Amino acid sequence: MPIIQQENGRRSVKGLPQSWGVRAYRELSAAQAGAIGPMPDRYKKLAAMLDGLTSAAIPLDSTDAQLCMMAERWANDCASNAATIHDAAALRQRMEFICRVRGVEPPDEEDDQQVIRRCTDPAWWRRNLRRVFNRMFEHAAIRLGRVSGRAGVYVSDETVQKRISQNRRNSKALRSVTMENEQGQRFGLDALASKGMGNKRLRKGELMLRFAGCEEIANERGDVGLFITVTCPSKFHAVLFKTNEINPHYEGATPRDAQDHLTAVWERTRAQNHRDCIQPYGLRMVEPHHDGCAHWHMVMFMAPDQVEQFTKNLRHYALEVDGNEPGAQARRVVTEPIDPAKGSAAGYLVKYVSKNFDDEHVGVHIDEDGTRSIPDLVGGVVITPAQRVEAWAAVWGIRQFQFVGTPPVMPWRETRRIEAAKVQNAPEHIKAAWLACQRETTTDEHGEVTVTKPADYAAYIRAQGGVNMGRDYLIHVATRLKAVEGRYGLVDRPVPTGIYCATAPQVQYASTRYEWRRVGLAVGVGLRGPWSPVNNCTVEDAPFWEAAAGYTPYIPPHDDSEWFEAFDFACFDQFGEFNPDLFTERESNNARKD
């Protein structure tokens, strides 16, 4: 039975965050309703759920500081085992057991030494504990009805606030690091990150560019577009939209469970399409319902005579589970032909893409259930719907966008790094791909950049041989194995070096890349990091699993900056900023009283 505690005159359920515990106690009291003798079924079900939530491996009311202490303790437990078990394979099994007991998935590295180093590192435990705790916390919020159109839409208020604080800390950490390449050029790490796909504006622009290329190819082929929405059975939904009450058919599924269900539906549909010689291509997007349950939007292109069979296949597998429940036939799969007279396929898509990036040209979010989500004020911070969607995807590890049946994007990005002189003697499709990836710009006297020739993803698709080519695309990324020095030692990883033609893999077209290193005090004690991944420093009395590695890693002087960067100081935000004027006034008032 749940344990009831009283603090500052307020009764709550022990083991839950304060606001949750108070509400849970009220619901328990209402479910009991003065019953004498056997408790009502509603009370028993609610008590059983609360017992499950409060008996989790990591308490739901844990603070980030407590998670950091857990990470230190469990890393020390693994290190203690490493001091007594001297067989690497046996030690790995022991540490994997410790991870699973603590509710953390053990490392999946093949090298035993890599696994041991991770399990003895508090930073590794800290990262994984936060991920496990955040998902456990959010699942509890969903089960308690804290995620809905009338509470925290898409994701709980506490989780989205933590995500905003995390993004703020990450930005601060990036600004504090300066990088230098072998040509002596120096940039802040935040400036370098803004030039990659970590920049939302660039990622959104590339996504829309790729989709516009798909639409152009579809028009050339005479294919038609279909806008599709696929939802999960009712048992995946935790909260009823109309009443904001817990769904009686809900079976405790998480948004990841819903995503896995939709993925399985699509896998079966894709296999049947292959048997029926149907080859759709386009884009798949994942969005949350008001209660966090995942649903899919897809824009697929295919031949006109394939639309009917494609829809039949998708409906068949989507309705395999609870296909006869109320509303399933009408809402489980909804298709809408894209009418060119009403606008392009990209026009259908841009609203849904913007909802997941920046809310540009969106206005009010309207969910499939009719939920209206507008920017809200939580804890003194204005939270936009796009921030809630981003926090939802980050917590549950859900990939929001995925292209289907189109060439891979990595050769596109790698081709943009190649100089023009290196492809002068290349085959025609390599030259065509290079021209498609480049854009031409002009800069006026005020420094404003104007794009005179944008990149052309449709031309890149043609250079790759078309759509739905599987592994037979004409251009691939060239890689080489490189010994990369990471936190846990040297690891051979494939590093992109350029592109090559599938018909002549021995000829590679190298891309321009730089070697970067941290400079200044960020490396520690004012020393610069090595260019080479190999460090020849020696360490006395290395553990047996490091001594057998063939090299001795460099161990820098102790530095607490990483711990402070990783610590979540949002718990102190409630006290506000220190104001010396108010402090002086308070001291003066105290002096008068004395």
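Visitor: At roughly what angle do the axes of helix H3 and helix H4 cross in this predicted model?

Guide: The axes of H3 (residues 64-84) and H4 (residues 88-101) cross at roughly 160° and come within 10 Å. Angles over 145 degrees count as roughly antiparallel. That makes H3 roughly antiparallel to H4. The crossing of H3 past H4 is right-handed.

Visitor: Which residues in H3 meet residues in H4?

Guide: From H3 come Cys-78, Asn-81 and Ala-82, and they meet Leu-91, Arg-94, Met-95 and Ile-98 of H4. Sorted by class, this contact of H3 with H4 has five nonpolar residues, one polar and one charged.

Visitor: Next, the strands. In what order do the three strands of the open sheet stand?

Guide: Strands of a sheet pair through backbone hydrogen bonds, in either a parallel or an antiparallel way. Here the order is E4-E3-E19, with antiparallel pairing. Strand E4 (186-188) and strand E19 (516-519) are at the edges with a single partner strand each, so one side of each has no neighbour in the sheet. On average, neighbouring strands of this sheet are turned by 35° against each other, direction ignored.

Visitor: How many bridges join E3 to E19?

Guide: Four bridges join strand E3 (residues 178-181) to E19, and the two run antiparallel. Asn-181 stands opposite Trp-516 in E19.

Conventions. Residues numbered from 1 in each chain as written. Predicted model: local features only at pLDDT ≥ 70, side-chain atom pairs only at ≥ 80, totals over all residues. Heavy atoms only, no water. Axes fitted to C-alpha atoms, helices over the stretch in contact; angles between N-to-C directions. Parallel < 35°, antiparallel > 145°, perpendicular 65-115°, else oblique. Left-handed = near helix turned anticlockwise from the far one by under 90°. Contact = heavy atoms within 4.5 Å. Nonpolar A, V, L, I, M, F, W, Y, C, P; charged D, E, K, R; others polar. Pairing = 2+ DSSP bridges.
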